Amino acid sequence: MVDKLILLENVGFLPAPEETEEWLKSKRMVIDTLLSLEAKQQPPKARNPEAALQRLLEVNGHLTAESGAILLQRGATVTPAGLVYNRDVRVHTQSQESLAMEQYVKLLQKIQAPILTIIAQDGLLSPHKQYRRNSFVKLLWETATSVLKEHSQLVEVPGSHFVHLNEPEVVSGIISNFLTEQDTTARL
């Protein structure tokens, strides 16, 4: 049972290309990428804590040193050789299942819990960005709003993709208010 859903820098679903050939091409690309990653996979590299933090900050320009240290606490394992990242390299591929807009709408219609979506102005999913991959964010949000009506709210906050780590005070009040609001709608 889900009483409330909070999405941070996430829109929940990815839209599928409208044309069948494009959809098949995108699926083939995902499979090829995953197979390539598996073929190239090497044992994880151990680093001393300072080097591990430095590397994390180099590849995640939106992280602060403090936020990086927090991620390392839960995202790395201490071994005799040093810290080893726990991450799965496949997370960097677009391996999430995509849906046709009709499927997206049908799934949305089944949601009864209130939804809070927080998107950072300088985040990965900002509808204001001109990246091709972000062109669908506005369409998805408009569709979700029209289907979910009073069940959903979108809040855009200043900050980057890691706003919840870098500046938790920006989102903590919004999340706290959402969680403490009384909901009178029926639950699934």
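## Ground rules

Because the model is predicted, local features need pLDDT of at least 70 and side-chain atom pairs count only at pLDDT 80 or more, while totals for chains, interfaces and linings use all residues. Residues are numbered from 1 along each chain as its sequence is written, and side-chain values use heavy atoms, with hydrogens and water left out.

## Overall fold

Let us start with the whole chain. The protein has seven helices and seven strands; helices (H or I, at least four residues) and strands (E, at least two) are DSSP runs, numbered from the N terminus. Read from the N terminus on, the elements follow the order β-β-α-α-α-β-β-β-α-β-α-β-α-α.

Of the 188 residues, 30% count as buried. Here buried means under 20% relative accessible area, exposed means over 50%, and partly exposed is in between, with a 1.4 Å probe and protein chains only. Contacts, for their part, are heavy atoms within 4.5 Å. Among contacts between residues at least 6 apart in sequence, 73% join residues at least 24 apart.

## The three-stranded sheet

Three strands form an open sheet in the order S1-S6-S7, with parallel pairing. Its edge strands are S1 (5-8) and S7 (152-160), each of which pairs on one side only. From one strand to the next, the twist averages 20 degrees. Two strands are taken to pair if DSSP finds at least two bridges between them.

How many bridges join S6 to S7? Seven bridges link strand S6 (residues 115-122) to S7, and the two run parallel. Along this pairing, Thr117 stands opposite Leu154 in S7, and Ile119 has Glu156 in S7 as its bridge partner. On the S1 side, S1 and S6 pair in the parallel sense over four bridges; Leu8 has Ile118 in S6 as its bridge partner. Strand S6 is mostly covered, with six of its eight residues buried.

Helix H7 (residues 168-180) lies across S1, S6 and S7 and runs at about 165 degrees to S6. For such angles, axes are lines fitted to C-alpha atoms, for helices over the stretch in contact, and the values run from 0 to 180 degrees between N-to-C directions.

Val171 is found in helix H7. Is Val171 buried or exposed? With 3% relative accessibility, Val171 counts as buried. Leaving aside neighbours within four places in sequence, Val171 is in contact with Ile118, Val157, Val163 and His164.

## Ser160 in strand S7

Ser160 has its place in strand S7. With a relative accessible area of 9%, Ser160 is buried. Not counting residues up to four places away in sequence, Ser160 touches His62, Ala120, Asp122, Gly123 and Asn166.

## Charges and rings

A search of the whole structure finds two salt bridges, each a side-chain nitrogen of Lys or Arg within 4 Å of a carboxyl oxygen of Asp or Glu. One joins the side chains of Arg28 and Asp32, at 3.0 Å from N to O. Arg28 and Asp32 are four residues apart in helix H1 (residues 20-40), so they are separated by about one helical turn. Arg28 is partly exposed at 45% relative accessible area, and Asp32 is also partly exposed, at 38%.

Arg55 forms a salt bridge with Glu58, where the closest N and O atoms are 3.7 Å apart. Both Arg55 and Glu58 lie in helix H2 (residues 49-59), three residues apart, about one turn of the helix. Arg55 is partly exposed, with a relative accessible area of 35%.

What lies over the face of Phe178? Lys4 does, at 5.2 Å from the ring centre. A charge sits over a ring if NZ of Lys or CZ of Arg is within 6 Å of the ring centre and within 35 degrees of the ring normal. The structure holds zero aromatic pairs; rings of Phe, Tyr and Trp (its six-membered ring) pair if their centres lie within 6.5 Å, with planes under 30 degrees apart counted as stacked, over 60 as edge-to-face and the rest as tilted.
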